[in-house]
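Hello,

Here is the structure for you to look over. My notes follow below it.

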Amino acid sequence: YYLFPLILGIIGIVFMYNRGVDGRKDLWTVFLLFFMTGLAIVIYLNQSPLQPRERDYAYAGSFYAFTIWIGIGVLALYHAAVSMTFRQLRTLASITIGGSALILIIFYVLNKVFGGDSNLGYFLLFISVISTAFYTLMTLLNNSIKGDSWIKGIVAILVTLPIPLIMAAQNWDDHDRSNRYTARDFGANYLNTCAPNAIIFTNGDNDTFPLWYNQETEGVRTDVRVCNLSYFQTDWYVDQMKSKAYNSDPLPISFTHDLYVQGKRDVIYLMEDPRLKGSVELKKALDFVRDEDKRTKLEQADYAAYIPSKKLYLVVDKAAVIRNKAVDPADYDKIVDTLIIDLSSKHYITKDELMTLDMIANNNWERPIYFAITIGRDKYMNLQDYFQHEGFADRLVPIKTPSDGGINFGRVNTRLMYKNVMENFKWGNMNDPKVYIDENNARMMMNIRSTFNRLAEALVAEGQNEKAIKVLDRCVELIPHKIVPYNYFSMLMAETYFKAGQPEKGKDIVNTIMTDYKEQLDYFFKLDKPKRSSVDDDIQRCLYFMREITMICTRNKQPELLKDVSTSFNSYLERYSSLK
């Protein structure tokens, strides 16, 4: 905004200060509003650096306060057009421009001696020059037009009107949600992933509110119960989950309200009782937690509830699995006898996890249970080996698929997932170049890339290469590089193209990624050392992914591509080493 809103606000502050006692009282009042709804909230909330979204709305009051000063700034310029003389203008210019120029010189000298930059000095000088320019224009107006103060008021408004217009022009593109229906359609995709009468666990606002909207307003899949794990830690939300909603029956929770009321069983400790050998049956562990006898509690922790083992198991009722069609008939022979719930990595579980375990124990495969793809692994309770990918959610099934040691876990139901992502799902115009994709949408679209590639990998493993290529092509069509730059998941897509017998399409992705990384590295290496140090993690990330691409080329026997990628990687690695 060329600092224009800030400059006009500073003019307003100075004008209020110079208006005498009454003006300073007003200034103090506005300042208190500005401080208490801005900086004081920053101090009070003490938010961690990584937030799921911008938190500007928490400080909206301070923005309103500053706009008061901006408005007073317009009044200040009008006042100058009515009464300011050239003598006063010279005094103003000597104080502002002269003072900031002196500060710049001081900074310049100090930085020559001690190092650093003079950005603050240039910043102050720019503000002083622009402020003086405003006052010069108003002073000329005062001396050229006598009387007719209303004309001078209109001129003051016209002079400052470009400031909000600039702000609107600069902000319009990244605040325009026209024709963007990703939230609505993605929410429906979550719901439509689920089998009838399912339960889907979500974790945050972005993967919960769109689902609620679809059910409440659009009437989409009202048979599915959306259960937000963040809220599931509260007694009132557990109460809601035990009630019928839309066409969804109450969740199978056996705990009564008095057992999970706020302050009770908020945390369940996990202990290894040496008297117990092996795993503990899940229902018995829950009965132990449910027991109010003080002998089942930790005396040293104010009689908090605990589970005397970190390894639990659930006996699988195979007849119930088959009766409720929890798995495809072709997978009946893969049904396990028991579900192993290994909580060795945890020291405790929270109320939401307790209720999840209770539901799993009591459900007996009658209702499909899903975990949204946006849920973090810390909420899986190490059940991911029993997950089945079907789209935007993973279904808990009694089939164990050990992790491959990488980012993949669980199994893929290619029949269901292919139908979902290729036929049933809608994408909210996310590939329309006229639709603005913000950070949240871009991050979700990267997850969608991973979803497409996981399906394509599974299809290749089943020998369905033609379908795999169609899936990858659809992903490239929906999420092109020009809208969301290729990332790690795109590298995996290139490898899947190689495996599916489409090396040219894989090469196109690799070359696009390499071009992007080389442009980034060229820019980073041009920075001076202090600035380059601040982006060292980004440099190492680019180099790491370049090395990963060489390994992909090696694994998939792409010698010419490997030669090009290796040459670039080694060249940039040498440059990086020489600059260290």
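In what order do the four strands of the open sheet that includes S9 stand? The order is S5-S6-S3-S9, with mixed pairing. Two strands pair here if DSSP finds at least two bridges between them. Strands are DSSP runs of E, at least two residues, and helices are runs of H or I, at least four; both are numbered from the N terminus.

Before the rest, the ground rules. This is a predicted model: local features need pLDDT of at least 70, side-chain atom pairs count only at pLDDT 80 or more, and totals for chains, interfaces and linings use all residues. Residues are numbered from 1 along each chain as its sequence is written, and side-chain values use heavy atoms, without hydrogens and water.

S5 pairs with S6 (residues 304–307) in the antiparallel sense, over two bridges. The bridge partner of lysine 297 in S6 is alanine 305.

There is also an open sheet of six strands. Its order is S2-S1-S10-S12-S11-S13, and the pairing is mixed. S2 (225–228) and S13 (411–412) stand at the edges with a single partner strand each, so one side of each is left without a neighbour in the sheet. S1 (residues 199–202) and S10 (residues 369–372) pair in the parallel sense over three bridges. Isoleucine 200 stands opposite tyrosine 370 there.

Next, a pair: S7 (residues 311–315) and S8 are antiparallel, joined over five bridges. Lysine 311 faces aspartate 342 in S8. S8 (residues 338–342) has Leu339 and Ile341 on its covered face. Thr338, Ile340 and Asp342 are on the uncovered one. In a regular strand the side chains alternate between the two faces of the sheet.

Now the whole protein. It has 23 helices and 13 strands. The radius of gyration is 31 Å, whereas a compact globule of 580 residues would have one near 25 Å. That value is taken over C-alpha atoms, and the globule rule is 2.2 Å times the number of residues to the power 0.38. The C-alpha atoms fill a box of roughly 95 × 65 × 50 Å along the principal axes. Buried residues (under 20% relative accessible area, 1.4 Å probe, protein chains only) make up 44% of the 580.

Best wishes

Methods
Buried means under 20% relative accessible area, exposed over 50%, partly exposed in between (1.4 Å probe, protein chains only).
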